[in-house]
Amino acid sequence: MADLTMTTEDSTPAPLLPVRKSRLAAMRESDLAFSFRSHPSAIFAACLLALVALTALFAPWITPQDPYDLAALELWNAEIPPIWNVDGQWPYLLGTDTQGRDILSAILYGSRISLIIGFASVMVALAVGLSLGLVAGYFGGWIDNVIMRLGDVLLSMPFILIAILITAVATASLPTGLKDVLAAPILIFAIAVPSWVQYARTVRASAMVERKKEYVQAARLIRVRSWRIMLHHILPNCLTPILVAATLNFGLAILSEATLSFLGVGMPPDQPSLGTLIRIGNQYLFSGLWWIVVFPAVQLCLIVLSVNMIGDWLRDALNPKLR
Amino acid sequence: MLAFLIKRGANAVFVMLAVALLAFTIFRFFGDPVEMMVNEQATQEDRAELRERLGLNDGFVTQYTRFVTNAVQGDFGISYRNQQDVMVLIGERFPATFELVLVATVISLVVGIPLGVITAVHRNSRLANALQLGSIVGVSLPSFVVGIMLILAFSVSLGWLPAFGRGETVDIGWWSTGLLTPSGRAALVLPAISLSTFQITLVMRLVRAEMLEVLRTDYVKFARARGVPVGRVTWVHALRNCLMPVITLTGMQIGNLIAFALVTETVFQWPGMGLLFIQAVTFVDIPVMAAYLMLVSFIFVALNTVVDVTYAWVDPRLRDDAAKAGGANG
Amino acid sequence: MTIRHLLMASAAVATLAGTASAENVLKWGANRDIGSLDPYSYGDSFTINVLNHVYEGLVRYDADLKIEPALAESWEILEDQVTWRFKLREGVTFHDGAPFTAADVVASLERVSHETSPLKGNLPAYVSSAVVDDLTVDITLNGTYPLLLNDLTNIHIFDKEWMEANDSLLPTDIGSGTEGFATYNANGTGPFIVESRQPDAKTVFVVNPDWWDEPKHNLDRIDLTPVTSAATRVAALLSGEINFTNDAPVQDLPRLAAAPNVKVLEGVDLRTVMIGFPFRDTLVSGEPNPFKEKAVREALYKAIDLELIHEKVMRGKSRVAGATVAPPIPGYVEALDTLPGYDPEASKALLAEAGVPEGLEFEFNCLSDGLVNEEQFCQAIASMWSRIGLAPKLDVAPRAVQTPKRTQGKTDIYTLGWATLPMLDAYSPLLQIFHSKEGNSGVFNWGGWSYPELDGLIQQAGMELDVDKRLALETQALGIVKDEMIMIPLHQQPMAWAVTDEVAEMPLFPDNKPRLWFAQVAE
């Protein structure tokens, strides 16, 4: 009984009762679609995000330069201002940095890194969190204890601190060659580690409720494998809060990556993400080279803003209390 | 109640031991402490002798026990970089971080609560929608970008406020405060604002959600029916009922703010614990990193435990649940 | 409770009043903090430079960088040619009031040349010292050696009794798990006294009213604040939070010069920026090391567009260098200051001839807190090398992280800046960098090269008391360095200081060291 009240982070709704899946999905789809159409901010955010994602995805084909190819950088072209300035030069629409790196290309490639790291870290956290949460809730006992205690420990250290420690330890103990190759995976891991607990707790609560239900007991009796029960019956019931949390965490993950890179423990300067670009540009705040820092900062804010707007809308749209 | 207290306390101790294990593992296995301590001319024998003297040849459990015993006594050893007692280093920086977090918290309450009330009361009005949108912008702006923009605007262009440091400080016992001097207060403004942006939106959203609930209750409806002025109902009767969650959130967020202050401190070169930590990270100064991790986690765990215990004391029904749920999250 | 509050308040007022009475304050924003208050615990020019305001040597450089007496009034070389006798200044006291005597000099020399001292390389010829009488001391060297005075300018003198009382006779041992007393406390004879220190935050120096010399400065206090971010340093200067910086970022000089209240002081530093090659058999990756071959080093040299780096990265403020020492340094000759000529095609041909595989990977180790715009010129050079078909792996990190890799041969190509300090003579890089690594020689020979002919010349120069003959030997040795391209020079880096109009007088020295005992603030 007590387990019912267990989700302390619950601003998300309690799991809905199991209804037949197809109907439920259909209904939600239509509701969602309707809600989406009536929210101009959500439409705006979705278009913006789509634009960013597409330009980032096709960056190699639309940018004038590969900013990660050292041989392509030409110091002669350093510090060219944006094109609308008298000294601007084609094709450097947003100007170049102090190494002659095209800012627009760097931003698109940087967005690509930011999006990939954000997305991948959410996926890793989801995969880990969902499986551990299911296992903990379904089996209970010492497994549950171990997993949840581990979660407690992780949650008792601030998110940003864990991420910094992981990246710092990893980068300081790896040889230079590997460090460059592994920079992105390390960041993904560092951001995923402290964030899986939230998913695990949500799923666990739901699993604990479900496993006592008759249909699960029945399924067990007819020897349906436990992972099938979990996958087909328990998981769908907590997808709504998970989806909202994952969307909002996507924004948070992008922010975290940028923050780590800004602090100098994230992506290295020769494969800059948006945070790295801002860190480098920050040194030139006073030398009139404002475009090096302002454009990446704007792009970063736009990405996070659109993700958060979608997440916010999703939460309201899926929350029955607020309808 | 006693059983609950013991349970909760044991949980906190367990968590701290686990954090200590992590800190110790980093301390011991990440980089070779001996290599960091000796100078370049040291011979192989020097190194071996130092290794023995530091007890690095003992078993893992022995070393861990020693680490925990020392940590409990506040002994984290000597900083590799400053060659100074780590706890003294951190202790000197603590007031700076604490004051920054305190002021940021006050700002977030003073700004966040009224905004939350307004958006709840005038739900769906143009103002409320604008504020709601503003709050999304608030959580979306990275705090270092906010900091850089504030410096650009108020220090560089307008020249109103200092861009770095703490200004003049005054020592009261071991505590050095910047709150008592004009330059100290001026220096606090920009960092505190930049640290509080995220927190303001949190408070605002929480107050809004709580107010929406409270405004629907019979209690408020009765008050209105009795002819109490609307303003008074909202700002006194209704608001009073949402303060408890706000205070809880604020209390639990303090640990997060202390950790997140490290970003603000980096941007503003604020001489607090966070800046010390970031410098320790770049210089691989492991003792400082380990001590900072332990200290911040301790504050975190302590605050959460206090919040849980207070809640359980107020509402006995929670005792059983809270004990099961383990540490509340941040 | 109330009484305690009152007490606190009065304590607060008292401290406030204390700070308000100091009028002439130099607010110095440096790009980094000093490592320690103990000049011997941290072999680093900047730390020693700052602590020179507190501690002094037996001799010092004057305003024209000529050696003049300081704690020693006179000296002579005794008949055996290896013992130097110093007559000490009378009536000098340490900050704690203790008198300065010959015993202090001996104790200090023993401390700095102790085998655990990171600074022992700064006094290479030292063998022993002895008290003759209270104000006379003999220093014995391992042979005839012309540069002892230059070395002694930066060997700071401690008080023996103070060190004894505080268990600091030996350099700080971090391994013991306790703080060294001298790391956190200072007691020198210099023009300023350390009032307080918070590492990485603020160190306050106040004037020493009992200084033995006639002060040329008018300062009451120096606040040293490390402001690591270049942009913040500029902002702080523009807003008047600091009134002096010894590191104004070159990219911000136009902006600073345009500000009405700021004056920029520019010059070319004595520091020559060089790139060093590994001479070990294999690279860090385990591949065979092609840089042992001179032709490959030459290829990398010719691939660097020195003029372009000078113009773009250093903003025309550096001096492109062909020699490994700067023109003002004794030992420099113009004939060695020639450039190889930028020729990437020739580089490619050289690489092909030497059989260097296309896309050869190697590490390129740079500091993020080292030389002027180091990160940028390293990136630029990495991109230039990429264009001749190599694949440099740029590794940029703080000095504290990189130094162990460099000294232990765990990297390939690296940067090094050398200003010949404190010696101000070409003998300094020859002995410390280019000599084979043995004993006190070749401490910075990180690549591990060894040229017996070169070693011979350097040793000869180190024993030659005739200045002209010595310089000729040094020039000859520098010629070998240049011919063999052991290290390739890039430029002498620019130095730029900036002061606000609160500072009336701030002499800029070519060794880039602030000497604030010559500074004046506007009254």
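The questions and answers below concern a predicted model.

Colleague: How many of the eight residues of strand S14 of chain C are buried?

Modeller: Strand S14 of chain C spans residues 360-367. The strand is mostly covered, and the number of its residues that are buried is seven.

Colleague: In which sense do S14(C) and strand S15 of chain C pair?

Modeller: S15(C) covers residues 390-397, and eight bridges join it to S14(C). One of the facing pairs is C:Glu363 opposite C:Lys393. With helix H12 of chain C, residues 374-386, the two strands make a right-handed β-α-β unit. The sense of the pairing is parallel.

Colleague: Which residue is the bridge partner of C:Asn365 in S16(C)?

Modeller: Strand S16 of chain C, residues 413-418, runs parallel to S14(C), with two bridges between them. In S16(C), the partner of C:Asn365 is C:Tyr414.

Colleague: What share of the area buried between chain A and chain B do carbon and sulfur atoms give?

Modeller: The contact involves 43 residues of chain A and 49 residues of chain B. In chain A, A:Leu161, A:Leu165 and A:Leu263 lose the most area to chain B, together 13% of what that side buries. The area buried between the two chains is about 4,000 Å², and the share from carbon and sulfur atoms is 77%.

Colleague: Which element gives the largest share of the side of chain A that touches chain B?

Modeller: Three residue pairs are in polar contact between these chains, both residues being at pLDDT 80 or more. Elements giving two or more residues to the side of chain A include helix H5 (141-155), helix H6 (159-173) and helix H13 (290-318) of chain A. The largest share, nine residues, comes from H13(A).

Colleague: Why is A:Leu235 classed as buried?

Modeller: A:Leu235 lies in the loop between helix H10 (226-234) and H11 of chain A. Leaving aside neighbours within four places in sequence, its contacts are A:Leu130, A:Leu134, A:Val203 and A:Met230. The C-alpha atom of A:Leu134, 101 residues away along the chain, is separated from that of A:Leu235 by 8.0 Å. A:Leu235 counts as buried because the cut-off is under 20% and its relative accessible area is 16%.

How values were computed. Residues numbered from 1 in each chain as written. Chains lettered and ligands numbered in written order. Predicted model: local features only at pLDDT ≥ 70, side-chain atom pairs only at ≥ 80, totals over all residues. Heavy atoms only, no water. Buried < 20%, exposed > 50% of the residue type's maximum accessible area, 1.4 Å probe, protein only. Helix = DSSP H or I, 4+ residues; strand = E, 2+ residues; numbered from the N terminus. Pairing = 2+ DSSP bridges. Right-handed = clockwise from strand over helix to strand, strands pointing away. Contact = heavy atoms within 4.5 Å. Buried area = accessible area lost by both parts, 1.4 Å probe. Polar contact = N/O pair within 3.5 Å; in protein donor to acceptor, adjacent residues only side chain to side chain.
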